[in-house]
Amino acid sequence: MYAAPDRMHKPDSELVDLVFDYMRERLQYDPVPLDHPGDGGHLREALTGLLNDHGNNPADVLKLYDHELSRAVISADSPRYLSFIPCAPTKAALLFDMVVSCASLQGISWLEAAGAIAAENQVLRLIADRAGLPATAGGVFVSGGSAGNLSALVVARDTARRRLGVGPEARLRIAVADQVHSSVKNTFNIIGVEAFPVPAVDRRLTGAALRAALAADPHPETVIAVVGTAGTTNEGIIDDLAGIAEVARERGLWFHVDGAYGGAGLFAPSVRERYNGIEHADSFVVDPHKWLFAPFDCAALLYRDPRLARAVHTQDAGYLDVLHTEGDEWNPTDYAYHLTRRARGLPLWFSLAVHGVQAYTDAIEAGLRLARDTAQLIRDTEHLELLHDPQLSAVCFRRTGWTHDDYYRWSRRLLADQVGFVTPTGWDGETVARFAFLHPGTTMEMVQEILDTMR
């Protein structure tokens with residue numbers, strides 16, 4: 001037997017050295033390779049018998065991970081990963097993520113983790129200031145935009161129920177445009193509200209369209225909130241946040257802004273004015289594991305008035321009474337649907353403290369420039385067609401004459417050759433190509449190499 005129960009929680013220098021050596025090697029990759037999708041049959045065979053009664057030599061297990069499992073994972077932190085929304089954490093953030101994991105922090109309460117929570121709140125304050133939210137704003141780090149949107153919209157629903165004096169049986173609706181993130185639509189199913197669809201104008205939700213839709217509806221009183229998007233996932237488009245905020249104030253609607261991807265642009269002076277109106281948001285989500293260079297899983301959820309969230313999310317139980325005291329208490333568990341949570345904002349805090357905020361601004365601006373330069377390159381290429389001028393760092397384009405199957409064959413070939421990970425997307429029912437630029441290490445030479453494969 002390799003590890004008896006009395007040894008499981010004791011220091012094992014051999015294991016520590018093995019893992020540290022592996023992590024040093026991984027952190028020193030420059031650039032990080034893409035790697036490949038896995039083959040299910042091969043992976044099942046490689047894992048057969050591993051979880052047994054007697055354990056295994058740690059060197060053998062780590063070798064299996066290194067040679068088999070890690071090679072069947074496409075690396076989201078590669079500068080050639082240009083699909084979906086990449087993740088490009090700083091080395092400082094990755095290293096401190098290991099520190100947080102080693103510390104076994106239970107980040108739910110001030111009682112248990114005041115130091116960690118104070119640091120997380122410092123970052124939340126920085127983000128709130130960039131959004132122009134008041135000094136009273138506050139929130140919590142959750143796992144991702146889906147968790148943030150769910151937690152915020154539950155508060156919107158319950159706040160409206162109290163204001164209207166209605167129960168769970170009442171019909172309530174939340175205004176959205178068709179470009180809203182899929183997690184928002186999923187949230188509606190979970191919390192029992194309906195979508196109030198508003199026609200998009202040039203792929204944006206606008207205040208004028210929202211006002212007209214409400215005026216034309218026979219029961220506008222059932223619309224209790226509106227979701228604006230600060231950077232749609234597919235195209236990076238920012239809604240008319242100022243116009244939406246004006247209508248929300250007129251109608252008494254909760255104004256939620258989903259900036260999971262694009263909210264980081266608040267740190268970029270070249271695009272900051274496009275976010276005007278976000279300062280009126282009642283809740284706001286941005287994912288630092290996207291464009292603020294934190295590791296998975298890290299999303300910042302902010303409330304204009306955290307007391308409203310606390311009234312909804314605070315969990316009551318005898319064993320939790322000790323958490324609710326006076327003074328500096330700030331219990332992250334009171335601001336989202338969770339109880340147990342990692343102090344997932346600490347790696348971002350450490351990296352910001354080490355590198356400084358200006359380094360983040362510079363890195364975000366680099367992604368914006370790359371998108372603009374790529375858009376111009378596409379305009380100048382005869383067989384390519386730009387589908388929209390990039391507002392942020394997503395670029396959608398078509399290759400004239402290509403069909404759905406052509407794009408998918410091209411995408412598979414790019415990955416097989418390790419040239420890039422660029423998956424097709426949909427555009428008004430048509431299959432097209434899309435770049436998502438976040439990694440500061442992505443270069444125009446890489447972009448040109450990828451576009452050259454479309455000849």
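How many disulfides does the structure hold? The count is zero, where a disulfide is a pair of cysteine sulfur atoms within 2.5 Å. C102 is in no disulfide, and the nearest cysteine sulfur, that of C298, is 18 Å away. C102 is exposed, with a relative accessible area of 66%, whereas C396 is buried at 0%. Buried stands for under 20% relative accessible area, exposed for over 50%, and partly exposed for values in between (1.4 Å probe, protein chains only).

The model is predicted, so that local features need pLDDT of at least 70 and side-chain atom pairs count only at pLDDT 80 or more, while totals for chains, interfaces and linings use all residues. Residues are numbered from 1 along each chain as its sequence is written, and side-chain values use heavy atoms, with hydrogens and water left out.

Nonpolar cores were examined next. A nonpolar core is a set of buried Ala, Val, Leu, Ile, Met, Phe, Trp, Tyr and Cys residues joined through side-chain atoms within 4.5 Å. The largest has 58 residues, and those with the most contacts inside it are V226, F255, F284, W291 and I364. Apart from this core lies another, of 39 residues, among them A119, L150, A152 and F188. Contact means heavy atoms within 4.5 Å. Not counting residues up to four places away in sequence, I364 touches A264, G265, F267, A268, W291, L292 and F293.

L153 lies in helix 6 (residues 145-164). Helices (H or I, at least four residues) and strands (E, at least two) are DSSP runs, numbered from the N terminus. L153 is buried, with a relative accessible area of 0%. With neighbours within four places in sequence left aside, the contacts of L153 are I174, V184, T187, F188, I191, V227 and H256. L153 and V257 are 104 residues apart in sequence, yet their C-alpha atoms are 10 Å apart in space.

In helix 12 (residues 346-355), the residues L346, P347, L348, S351 and L352 are buried. Their cover includes helix 4, helix 5 (110-131), strand 1 (138-142), helix 10 (288-291) and helix 13. G356, which follows helix 12, has a positive phi, near 90°.

D282 is placed in the loop between strand 5 (254-258) and strand 6 (283-286). Leaving aside neighbours within four places in sequence, D282 is in contact with L253, W254, F255, L302, Y303 and R304. The C-alpha atoms of D282 and R249 are separated by 11 Å, and the two residues are 33 apart along the chain.

Pockets were located on a grid. On a 1 Å grid over the protein atoms alone, a pocket is an open set of points where a 1.4 Å probe fits, with protein on both sides within 12 Å along at least five of seven lines, and lining residues have an atom within 4 Å of a point. Grid points are joined across faces, edges and corners, and a volume is the space filled by probe spheres set on the points. The largest pocket has a volume of about 650 Å³. Its lining comprises 25 residues, of which R26, Y65, S75, D77 and L94 lie nearest the centre. Helix 1 (13-27), helix 3 (58-69) and helix 4 (91-103) are the elements that give two or more residues to this lining, and helix 1 supplies the largest share, five residues.
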